[in-house]
Structures are given as structure tokens and as C-alpha cells.
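My entries follow in the order I made them.

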Amino acid sequence: MYLTKSSFSIRYFIIIALLFCCSLSLNAQTDSLQGKSYEELSKLYNDSFYKNPSKAKTYAITAYQLAKKNNEEEKTALAKYNVARAKYSLTEYTASIEDTDEVIRIATRLNDNILLYKSYSLKGNNFFDLNKSNKALNQYLKARKYAKLTKNPIHLSKIAINIALIKKIHKDYKEAIDILEENLKVLEESDINDEKKRASKHTILMQLADTYLRIKQPKKAQPYNDLALKLSPKEEFPDAYFWAFMNKAIIKYQNKNYKQSIDICKQIEAYFISTNELSNLATPYFYIGKNSYELEKFHQATEYLKKALDISNQFKLDFAEQKETYKYLQLSYTATENNKKASEYSIKYYELDEKNDSLDISLNNRIHKEHDIVPLQEEIDSLDRNTTYLYSASVILLVILIGFFIWFKRKQKINKKRFQELLVTIEQLEQPKEKVAPKIISKESSSAVTDENALQILKDLAVFEEKELYLRQDCTLGFVAKKLKTNTTYLSNVINSHKEKSFKAYLSELRINAALIRLKNDPKLRSYTIKAIAEEFGFKRSETFSRAFKAQTDMYPSYYIKSLKNHTDT
């Protein structure tokens, strides 16, 4: 349909009129604040921040302009920080980073350690939400430097929590839980009792619940999440309430209450649409998709899973569930016999899996070095420089030694228990396998393999395992594909779908299982070096073998061998 000149003019006039009205409305709102003092504007900002961050931003901008006009540098810096904080809440991350840079310049001139701590911390939060974990860690380490100077334990606690979140996102769940629980205790024991303490406690409870849910422990997650919901009534803190409510939906999903989980997700969807916080819809859409899959509503599952990816891409989110979204799209398309789409998402899943594994290892090593080791080194250096505190240092050292002794004994007890559990696992591995035609059933889908090609590959993989070809050092995805007379993409797809792991993880598990059994039964093999043992089971480097062994058994091969020797001697 073509527009006439007349109709085009009318539409143009309407658009101009709407823009003019919006401009008048905005100017009217700004004009109404012109008579307000800096203190009044700050109070309006604090009162509206959690309920209406957009309005809070307007108050902060007006306060900033007023302070700058009056050449009040301290007030200018604080107002600019409030602007940056409001922009962060509105997911305007790049603009918020630019504002924090200005605050940092002014705060450095003023030597304001508290504002420097808060600004670097906020800048880290922006980078974290932009999926730039390394840059976020840089800012958190700078924030920790100034947090120490403030001598406020709550400030140090908040930085530790932020670093725990990075650990959680990169799958170091145990360390994340330890840090969060330790800081929850610090917070509860502090004599501070204000809104900031409530907000910090809510954050820790939420993150503890989320971390336990990521390792599929809903029973441990629920008490923390119930406390978070209680701390944030819907009428007073709606955003905080609905994020805790999202955890409740996940708990329902993990307890297989799929319809209830969908109902909760729909309520969350309605709230975020009503507040125009569309970037927050990715998680509820993802869980509507997963629940729909479990209810065998496969078309609805693909619809919502794709919506989750669209939101993630549109707002450039650090979407932790992206890999799992690919997996469920592949399973849903397989269920509807759309093999082309299923293969497409299977490849995306495999590529992201390898990328994430590499990033997780790199970043966790850096966090361990700069967050866990560096602070300890700083304490040691400080003791060396301050020889006048030799007596105090001796007392501290004695406490550390006692603590280390207690920790060591506890560690020994835990390792002994792990070793006993491992022996039980090995006995199960040593049981002869029944030679039956494979009928592989997915944990999630509970559907048997129906594709004849996939079934044949699974049979061939069983022969491959029986012949122990995985112990060859040249055993790669290409090598196995050639042996099984298929291509690498299809083989990877079958392993991902029916073994529920990447080829790399599958190969590593076979090798470590073989090592566990042989080392248990072969005293001569136990006398070899770790490097020689690694090569015996297909690993080219002893470091790679040790990491894989630790990841699968939670103990290093040297400890396992030592425990085996002690076990046989008793």
C-alpha cells in the first residue's frame, strides 16, 4: 500500500507532535526539580531507587548539575556515583562505566577511600554483567585495596561476595559456597543494622540458593531462598522479591513440579513486562522452555527457549544457561523429528562447551592466584617489614599452625572417606558388563534411541571401549570417527546426546576409570612415576592426567596411590 502526500504529512505531523509532548513532559519534570536543594534531591533519589530507578536517575542528574554549578566537588562526585548506580540498575552498563570513571578521578583527588571502593566495585559489576569476567575481577581487586583502607568489614565482605559470584559462574561452586557462607556469618555477627545490611544479606541468601540449584541440590537451596523472600516483601522490594521468586520456580522444576514452575515463571514474566525490564525475561523464558519439554510440549519448549536466546542476544547478556538452552533445543527438535535443527544446536552446544571449559580453567586459576594467594603474601610481607611486631607475629604463626593442623586432620578424614567411596565405585566398575544391545535412555528425556545410525554408533562405541582403544595417545575425535566409519560431527552429536557429555569428557572418563582399576590391582604399576602412569593411559602430559584425575575423583593420583599402599599394608 502506498502513502499519499496528504497521509504522509499527517503521520509526520503526529510524530513531531508526540516528540514535542514527550519533550515538554521531560522538561516539566526537570523544571519541577529546579527549586530543590541538593539534600532534598538526594533524599528523593534514595526513596525512589529500588522502586523506580528511572526516576531516581533523574533526581541524581539534577543533583549532579546543581553541585557542579556550585563547585562542590565532594557532592559532585557522590551525585555522579548515584547517576552511575541508577544507570547500572537500568542495564545501561557502558554509560555507567563512563560515569564511574569520572567519579574515580574526583575521588582520587579528594582521597575518598569509601567512594573509590564503591566506584571500583560498581564498575566491576558493570563489566560482570557485560560478560567480561576478567575486567570485572580487575575492578574488584582495586575495590578490595580501598575496602581495606576503610577498615569496614562489610566492605571487604561485599568484594568477597562479588568474587564468589565469578567463581560460581565459572563452576567453582564449592569455593563460592564457602565464601558466601563465611560472609553471611560475618554479616550476621556485625552490629550494623540498616538497609545496606538487609540488601547485602538478601544478595548472599539469593546467591547461596542459586549456587545450590546449579549443583542440583534444591533441598539445600530452599531454606536460603525462603529467607530471601521473607527479607524482601513484594510491596516494598518488588525486584528483589521476583528474583527470589525465580529461584522458587527453579526449585519447583528440580522437584519435578513442572506445571507449578511454569505458573511462577508466567507471574515473573508479567511483572518484568509491566516494569519494562525486558532483559530480565531470559531466565523465566528458559525455564518455561525446560518445563514444557518435560511435559512433552515440544513446540512450546522450542518457542520459549528461542525467546530466551533472543533476549540474551538483544541485551548482550551473560546468559549462564546458554549452553543448556542449546541442549534442550536439540532435544526438542529431535523429538519433533526436525533433524536439521537438532544437528545445528548440537554443534552450537559442543562449540560453546569447549570454549567455556577453557575460560573456566583460565579464570579460576587467576582468581586463585590474585584473590586467594596474593592477600596471604601481602600479610607475610607486612610481617617482614614490621619486625617490632615479632611477638604478635609469633602468636599469629602459632594460631595458623594449630589451624593448619586441625585443617590437615579434617582434610585427612575427608580424603579417607572419599577413598573408601572410590573403592566402592571401582568395585562397581569391575563388575562384568552384560552384552546386550544398547538401549540408551537420556536422563532428561527418558526416550530410547530410535535412530538406526545412532544405535549402530553406540554399539561400535561399546566395542571401542571393550578393546580399550581409548588408551592410545593418538585417540582423537577424528581417530574414533574413522574407526567407526562416520564423521566427527555426527559422532560428537551422538556422544553429546546419549552419553550426555562432550567427547573430551567421555574419553577422559574412560581413561581415568581404567587407571583407577589397574592401579588398584597392579602393585608394580603403582611404583611408576606419575608421568609414566599418565602415558600408560593415553595422556601425553602428567599435568593433564593429574587435573583430569582430580576432577573425576576429587583427589590427586599421588594421594590415591599412597592410600592404596596403606590400604594393602593394613
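I call a residue buried under 20% relative accessible area, exposed over 50% and partly exposed in between, using a 1.4 Å probe and protein chains only. This is a predicted model, in which local features need pLDDT of at least 70, side-chain atom pairs count only at pLDDT 80 or more, and totals for chains, interfaces and linings use all residues. I number residues from 1 along each chain as its sequence is written, and side-chain values use heavy atoms, with hydrogens and water left out.

Entry 1, Gln330. I found Gln330 in helix α16, residues 322-335. Helices here are DSSP runs of H or I with at least four residues, numbered from the N terminus. Gln330 has 8% relative accessibility, so I count it as buried. I take contact to mean heavy atoms within 4.5 Å. Setting aside residues up to four places away in sequence, Gln330 touches Ala342, Tyr345, Ser346, Asn493 and Ser497.

I placed Tyr64 in helix α3, residues 53-69. Tyr64 counts as buried because its relative accessibility is 11%. Apart from neighbours within four places in sequence, Tyr64 is in contact with Thr76, Ala79, Lys80 and Glu102. I also looked up Leu78, 14 residues from Tyr64 along the chain; their C-alpha atoms are separated by 8.1 Å.

I asked at what angle helix α12 (residues 238-254) and helix α13 (residues 258-274) pack. The angle is about 160°, and the axes are 8 Å apart. α12 is therefore roughly antiparallel to α13; the cut-off for that term is an angle over 145 degrees. Axes are lines fitted to C-alpha atoms over the stretch in contact, and angles run from 0 to 180 degrees between N-to-C directions. Residues making the contact include Phe242, Trp243 and Met246 of α12 and Ile264, Ile268 and Tyr271 of α13. I noted 13 nonpolar, 3 polar and 3 charged residues in the contact of α12 with α13. Ala, Val, Leu, Ile, Met, Phe, Trp, Tyr, Cys and Pro count as nonpolar, Asp, Glu, Lys and Arg as charged, and the others, Gly among them, as polar.

Most residues other than glycine have a negative phi. Lys151 has a positive phi of about 55° and sits in the loop between α7 (133-150) and α8 (153-169). Its relative accessibility of 75% means that Lys151 counts as exposed. Lys485 also has a positive phi, near 60°, and is in the loop between α20 (477-483) and α21 (488-499). At 78% relative accessibility, I list Lys485 as exposed.

Note on methods
Helices (H or I, at least four residues) and strands (E, at least two) are DSSP runs, numbered from the N terminus. Angles under 35 degrees count as roughly parallel, over 145 as roughly antiparallel, 65 to 115 as roughly perpendicular and the rest as oblique.
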